[in-house]
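Visitor: I have a structure open and would like to go through a few contacts in it. Can we start with the charged pairs?

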Amino acid sequence: MAFSPKTRKILVVFLITGWSLTLIYYFTQSKPLKHSQQTKQLFSDNRLLMGTFWQVSSADKQAAEIVFSEASRIEQLLSKYIQTSEVFQLNRLGKLKVSPETFYIIKQSLEFYSQTFGAFDITVAPLIDLWGFTNQKYHIPSDKEIESVLNLVGNDKIILHEKDNVVEFKIPGMKIDLGAIAKGYALDCAVKKLKEHKIDNCLINAGGQIYALGDNFGQSWRIAIRGIKYKVEGTLRLKNKSASTSGNYEQFFFKGQKRYCHILNPKTGYPVDSSIASATVVCDTGLEADALSTAILVLGKDRKNALIRKFPKAKFYIQEENPHEKQ
Ligand code: ADP
Ligand code: MG
C-alpha cells in the first residue's frame, strides 16, 4: 500500500536488527499535534534486549524504563543463553522446579503445540543447535543426524507436575527454546506494568513484534507492515492489540543457492521451506500473536487455513513466497 512521505513523520525508522528484513515500523502525522494549547510530544527510547531492539514511544517519559525493566526480567527468566535462567537450568538438568511464571509459559506453549497441530514446538531446541543457529556456526546435518535428534523433539515428551511446578523431560538431552513466544509474553508483562503505573498509551516495538497500548493522542497507533526486500506491504491501525511478524527472511544462512531459515519444522527436522515468506498476526495478546506467527510459517501455504479457522479473533496478513524471486 502506497503512502506519501510528506504525510508521515517516522517516529522510529527501521529497527534493523542485523538480519531482520521483515519489519514493522510506525508513523504519525508530519507536524506535532496541538492539544489543549500544548504540543503533544512522544518520548521514544530504545534498548537491545532479548536479542533484538526494543523501541518504546509514549507521552509518558517513564514508559520506556518500565518496559525495558520488564523485558529484562523476562529475559533473565526465559533465555536459553543466560546461565542463571530457569530455562538454561532446566535444559541442563532435565528436571526442575520452576517459578509459577515459567511454568505458566511452558504450559501455554504446550497448549499452542496442540492448537497448531504440532507446528509450534518449543522442544525444537536440539534441532536449532544441530543446524548451528544457536552459535551461528551453520551446518547442514545429515539425514541420520536429524533422525537421531528428532527423538528428542515433541511436546508430548514434556511432563508438567502441576502441584509443585516441576517440569520434566522424558528423554535425556531434550531442551526447550522459548524464542518464538518469550518476546510476545514480555510485551504482555510490560503492558501490565504500564497499566499498573497508570500509563494507558504506549507503542512498543520489540524487533517487529508490536504492542499498541491505547492510542496516540486520540488516534489508533498506525503501523506499517514491511515485507521482504524493504517493500511496505500495508498499514494497520491498532489499539490494545499486538502484531507479530515471523518471516523466513528474519534469520537464515545460505548454502549454495539455498536459503535455510531459523524456523524449523518439528516434524521433519528441517528449516521451513515455506511457501510463506512472512506472516503478521494481530491478536489481543503478544503471547498469542508471537506463537501463531511462528506456527503459520511452519504450516505453510497449504495448511495455514486450518489454523486461521481455529483462531477467528486473530487477523492474519500473509505474504506468500514469490517462486520467481525465491533464492
Ligand atoms: P523472531 O524471534 O525472529 O521474531 P519467531 O517468533 O518466529 O521469530 O521465533 C523464531 C525462533 O523460535 C527461532 O529462532 C527458534 O529459536 C524458535 N523456533 C524455531 N522453530 C520453532 C518452532 N517450530 N516452534 C517453536 N519455536 C521455534
Ligand atoms: Mg513467534
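Guide: In this predicted model, the side chains of Lys175 and Asp129 form a salt bridge, at 2.8 Å from N to O.

Visitor: Where do Lys175 and Asp129 sit in the chain?

Guide: Lys175 is in the loop between β9 and α6, and Asp129 is in helix α4 (residues 125-130). The pair links distant parts of the chain, 46 residues apart.

Visitor: Is Lys175 buried or partly exposed? And Asp129, buried or partly exposed?

Guide: Lys175 is partly exposed, at a relative accessible area of 30%. Asp129 is partly exposed as well, with 29%.

Visitor: How many salt bridges does the count come to?

Guide: Twelve salt bridges. Among them is the one where the side chains of Glu65 and Arg47 meet, at 2.7 Å from N to O.

Visitor: What does the pair of Glu65 and Arg47 tie together?

Guide: Glu65 belongs to helix α1 (residues 63-78) and Arg47 to strand β5 (residues 43-49), so the bridge ties together parts that are 18 residues apart in sequence. Glu65 has 42% relative accessibility, which makes it partly exposed. Arg47 is also partly exposed, at 34%.

Visitor: What is the N to O distance for Lys239 and Asp215?

Guide: 3.5 Å, in a salt bridge between their side chains. Lys239 lies in the loop between β13 (232-238) and β14 (241-247), while Asp215 lies in the loop between β11 (209-213) and β12 (221-226), so parts 24 residues apart in sequence are tied together.

Visitor: Which way does Asp215 go, buried or exposed?

Guide: Buried, with a relative accessible area of 16%.

Visitor: Which residues are joined into one network by salt bridges that share partners?

Guide: Glu70, Arg73 and Glu101.

Visitor: How about burial: is Thr294 buried or exposed?

Guide: Thr294 is buried, at a relative accessible area of 11%. Ala180 counts as partly exposed, because its relative accessibility is 21% and the cut-off for buried is under 20%.

Visitor: You mentioned α6. How many of its residues are buried?

Guide: Eleven of the 15, so α6 is largely enclosed by the rest of the structure. The buried ones include Tyr185, Leu187, Asp188, Cys189 and Leu194.

Visitor: What span should α6 have, and how far apart are its end C-alpha atoms?

Guide: The 15 residues of α6 should span 21 Å at 1.5 Å a residue, and the end C-alpha atoms are 21 Å apart, which agrees. Just after α6, Lys198 has a positive phi of about 60°.

Visitor: Last thing, helix packing. At what angle do the axes of α3 and α7 cross?

Guide: Roughly 10°, and the axes of α3 (residues 100-115) and α7 come within 10 Å. Angles under 35 degrees count as roughly parallel, so α3 and α7 are roughly parallel to each other.

Visitor: Which residues in α3 meet α7?

Guide: Tyr104, Ile105, Gln108, Phe112, Ser114 and Gln115. On the α7 side, the residues they meet are Leu287, Glu288, Ala291, Leu292, Leu307 and Lys310.

Definitions and conventions:
Residues are numbered from 1 along each chain as its sequence is written. Chains are lettered from A and ligands numbered from 1 in the order in which they are written. This is a predicted model: local features need pLDDT of at least 70, side-chain atom pairs count only at pLDDT 80 or more; totals for chains, interfaces and linings use all residues. Side-chain values use heavy atoms; hydrogens and water are left out. Buried means under 20% relative accessible area, exposed over 50%, partly exposed in between (1.4 Å probe, protein chains only). Helices (H or I, at least four residues) and strands (E, at least two) are DSSP runs, numbered from the N terminus. The expected span of a helix is 1.5 Å times one less than its number of residues. A salt bridge is a side-chain nitrogen of Lys or Arg within 4 Å of a carboxyl oxygen of Asp or Glu. Axes are lines fitted to C-alpha atoms, for helices over the stretch in contact, and angles run from 0 to 180 degrees between N-to-C directions. Angles under 35 degrees count as roughly parallel, over 145 as roughly antiparallel, 65 to 115 as roughly perpendicular and the rest as oblique. Contact means heavy atoms within 4.5 Å.
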